[in-house]
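Have the model open and follow along.

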Amino acid sequence: MGGSAPRRDHHLPAETTSFVDRRGELTQGRELLARARLVTLTGPGGVGKTRLAARIAARVQRAFPDGVRFVHLSGLHDPALVPLAAADALGLHDRSAQPPLDALVDQVRDRRLLLVVDNCEHLAGACARLAAALLHGTEGVRILATSRHRLGLTEEHLLEVRPLPVPDPDGDLSAAEGCPALTLFADRAAAVVPGFRLTPANRASVARLCRRLDGLPLAIELAAVRMRVLDADQLLDRLDDRYRFLTTGSPAAQPRHQTLRAAVAWSHDLCTLPEQTVWARLSVLAGSFDLETAEAVCADGTPEDDARRPGGERQLVALPHAALPALPAQPTDLSGTRARPGAALTGTITLLPPPGLRTDDVLEAVAGLVDKSVLCREPGPGGVRYRLLDTLRQYGLEQLRRGAGQEEAARRRQRDWMAQRAEEWERGWFGPGQPETVARLRADRDNLRAALDFSLSDPGEALAGLRLAGTLWFHWHACGASREGLYWLDRALTAAPEPTRERARGLWVAGLLAAATRDFPRGRRHATDALALARALGDTAEAAHAEYVLGVIRLFGDDLPGALRHFETTVARGPVPGQHLSLFGLDQVELACALGFLGEAERAVEVCERALRLCERHGEQWVRSYVLRILALAHTVRGDWPRAERDAREALRLKLAVHDVIGIALTLDLLASIAAERGAHEHAAVLLGGADRVWADIDTGRWGSHTLNSVRRDSEERAGRVLGRDAFERAHQRGGALSLAELVGHALQQPGRQHPGEATAEPSHDDSTVRLTRRETEVAQLVAEGLANQQIADRLVIARRTAEGHVERILSKLGFSNRSQIAAWMTAQR
């Protein structure tokens with residue numbers, strides 16, 4: 001077991017290779033979790049702690065009605081982000097003004113869940129504070145941690161994860177198939193040599209090899225890959241050579257650390273020079289990454305440079321030996337540079353710098369590293385993604401740091417690439433690709449954090465960090481990441497105080513995010529400073545953005561007349577050059593919202609219809625979902641309940657497609673109110689139960705808004721009066737037990753009951769009558785993943801026209817008008 005990386009999400013990781021039996025540890029882990037609330041799996045790197053934790057969690061998940069969640073920390077370096085990473089793993093979108101750790105404890109206080117916190121050793125203090133707060137502030141939360149060292153809490157129970165047992169190579173090996181270490185080797189060897197199995201002829205050699213590797217799963221996996229070109233006896237001979245070289249290293253190193261290091265170093269030396277260079281450069285990446293990211297970080301120059309670069313000769317260079325870092329025991333790379341075999345280690349050493357890596361070279365190197373089990377391959381949005389196991393990433397960093405300036409150069413390339421991506425995502429945000437953008441942002445979250453951390457830690461890079469943090473405004477605001485956005489913007493604004501356009505943007509974004517946590521004084525201060533700076537710089541776009549924030553603060557502060565005057569002015573002015581259309585669209589949303597709450601329904605409908613036309617021209621979904629919700633609100637003011645329900649349900653579909661959790665909560669409240677008005681009281685109670693559960697992940701007080709809370713109270717009183725308290729509570733609890741997707745599916749599939757004489761708002765889709773073909777189901781699933789028609793065609797190896805035809809037929813069968821409805825429907829089916 002151990003070795004292959006788990007899939008990056010916050011539920012139980014998907015296993016990409018077989019799990020070799022650890023029945024004893026599994027039993028111990030389950031027993032410890034049954035009686036202790038904090039269990040830490042300890043052991044050396046490469047011993048399989050993460051895989052074992054995932055297996056234990058899978059075995060006990062039925063005991064935790066509120067779920068099991070993984071917090072992956074290997075790509076995190078800032079202790080301040082640990083509670084935010086835990087909240088993210090739990091699906092919390094806190095918008096309160098509390099400190100992050102306090103808010104986290106409050107939100108899970110009444111839940112029974114298991115939190116698996118993986119790779120704690122480099123953030124042990126922050127992890128200990130997280131564990132202590134959860135243990136002391138809740139009763140139903142248990143923690144399963146993995147770490148090379150204990151966290152040091154008195155409540156902590158330790159389970160040492162030992163290497164796999166290995167039988168005596170000279171003893172009785174007749175039952176070798178039952179030995180976990182040998183079974184692991186055979187399993188991984190069979191992956192590269194089809195048909196490989198343990199036989200009487202090779203058992204002793206495999207046992208000696210596994211014993212030489214101290215039974216460490218990662219070391220065994222790395223060695224097994226070599227079976228493609230060597231047999232077990234040859235592997236053992238080569239490994240013994242490595243150990244002779246290793247003995248010249250530090251005598252203080254622990255034997256098992258030396259064992260793993262020898263296996264990793266051996267795998268490294270068997271890589272080609274481009275593979276070694278790519279391995280080293282990829283080590284700056286946190287979390288998973290796609291091929292484009294690997295090419296941007298590892299290639300020298302751009303594809304255009306590749307076309308101009310001659311196929312060229314490598315020049316020999318001479319460096320004084322004293323200028324070099326200490327050489328390893330055998331000639332190997334120095335940040336991608338190999339010593340010529342036989343070179344003397346005194347005087348001058350002749351080095352062969354690697355040729356400039358082209359993007360094609362990176363592709364070949366990545367393929368080679370996957371073959372050698374250095375890189376793990378896993379699915380992700382947009383296609384295949386890759387990951388370096390933490391042990392291998394640390395080794396790569398060591399190699400990178402051997403060359404002066406190599407690490408900084410690689411990190412700068414990574415930052416520049418993430419900044420380029422963020423700018424592309426922002427430019428395209430007011431368009432049809434929002435669900436795919438949201439998925440990619442979540443997949444690249446660790447790399448965005450690494451880019452921001454580099455920019456705000458290295459001298460001279462702060463302005464680039466401020467620019468990146470400000471460019472991601474739509475991510476922080478639309479995807480429920482206000483807390484983290486504020487953290488980065490606070491750091492960036494402090495580090496880059498100069499009066500620049502980047503600062504003007506950073507200030508209004510920070511103001512918007514502060515307002516989202518109900519810190520209106522801070523939000524107003526930041527937005528006012530942003531407006532003054534933007535005007536001083538003559539930047540009308542950033543001034544318009546800052547004005548939007550000031551208007552929102554008036555609206556959420558229940559100053560409805562002031563908000564109305566403000567947004568009447570900005571909407572009448574129209575978009576200014578450079579203003580992001582999302583924010584101009586939101587100007588119209590807030591104007592319609594103020595009109596609706598002030599009872600001016602006809603004007604609100606008129607504003608919404610103009611905004612809808614703008615969104616539809618661009619294929620936009622996020623702003624459109626808010627327009628539809630306000631349109632539904634206006635229809636409630638007019639008493640047009642069928643149209644109100646139709647628009648609210650369509651808004652809910654769109655919000656699920658872009659995973660706008662806050663928008664989902666607001667729309668569920670509205671749908672519950674509509675259902676109560678239409679006499680569907682049980683349905684209203686279910687929706688209120690679900691809405692209350694979603695709000696519990698954001699802010700149970702609904703930001704303290706009198707308007708929002710009064711709507712919720714009115715719905716509860718109406719439904720409770722008709723159903724009776726017991727029936728209302730049962731329906732409310734039923735809604736609270738639904739997952740987000742189940743809840744949205746329930747809301748979409750069950751319209752409110754009609755009053756006598758009302759016309760049907762829209763056809764109701766009875767899922768039992770809808771039958772998609774197998775191919776149509778595949779296409780619908782890919783649509784739900786956010787893929788465009790060409791991407792679907794590429795994935796299924798069909799023509800784009802064929803993919804378009806499938807999508808059209810799916811829309812026709814389901815009676816839908818757009819792709820986001822397909823996505824919501826597929827989610828509800830699951």
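This is a predicted model: local features need pLDDT of at least 70, side-chain atom pairs count only at pLDDT 80 or more; totals for chains, interfaces and linings use all residues.

Residues are numbered from 1 along each chain as its sequence is written, and side-chain values use heavy atoms, with hydrogens and water left out.

Start with helix α19 (residues 462–471) and helix α22 (residues 501–516), whose axes come within 9 Å and cross at roughly 45°. On the α19 side, the contact (heavy atoms within 4.5 Å) uses Leu 463, Leu 466, Arg 467, Gly 470 and Thr 471, and α22 brings Glu 502, Arg 503, Arg 505, Gly 506 and Val 509. Sort these residues and you get 3 nonpolar, 3 polar and 4 charged, with Asp, Glu, Lys and Arg counting as charged, Ala, Val, Leu, Ile, Met, Phe, Trp, Tyr, Cys and Pro as nonpolar, and the others, Gly among them, as polar.

Now jump to helix α28 (residues 622–638) and helix α30 (residues 661–677), which pack at about 20° with axes 11 Å apart. That angle makes α28 roughly parallel to α30. From α28 come Tyr 626, Arg 629, Ala 632, Leu 633 and Thr 636, meeting Gly 663, Leu 666, Thr 667, Leu 670 and Ile 674 of α30. The tally for this contact is 6 nonpolar, 3 polar and 1 charged.

Definitions and conventions:
Axes are lines fitted to C-alpha atoms, for helices over the stretch in contact, and angles run from 0 to 180 degrees between N-to-C directions. Helices (H or I, at least four residues) and strands (E, at least two) are DSSP runs, numbered from the N terminus. Angles under 35 degrees count as roughly parallel, over 145 as roughly antiparallel, 65 to 115 as roughly perpendicular and the rest as oblique.
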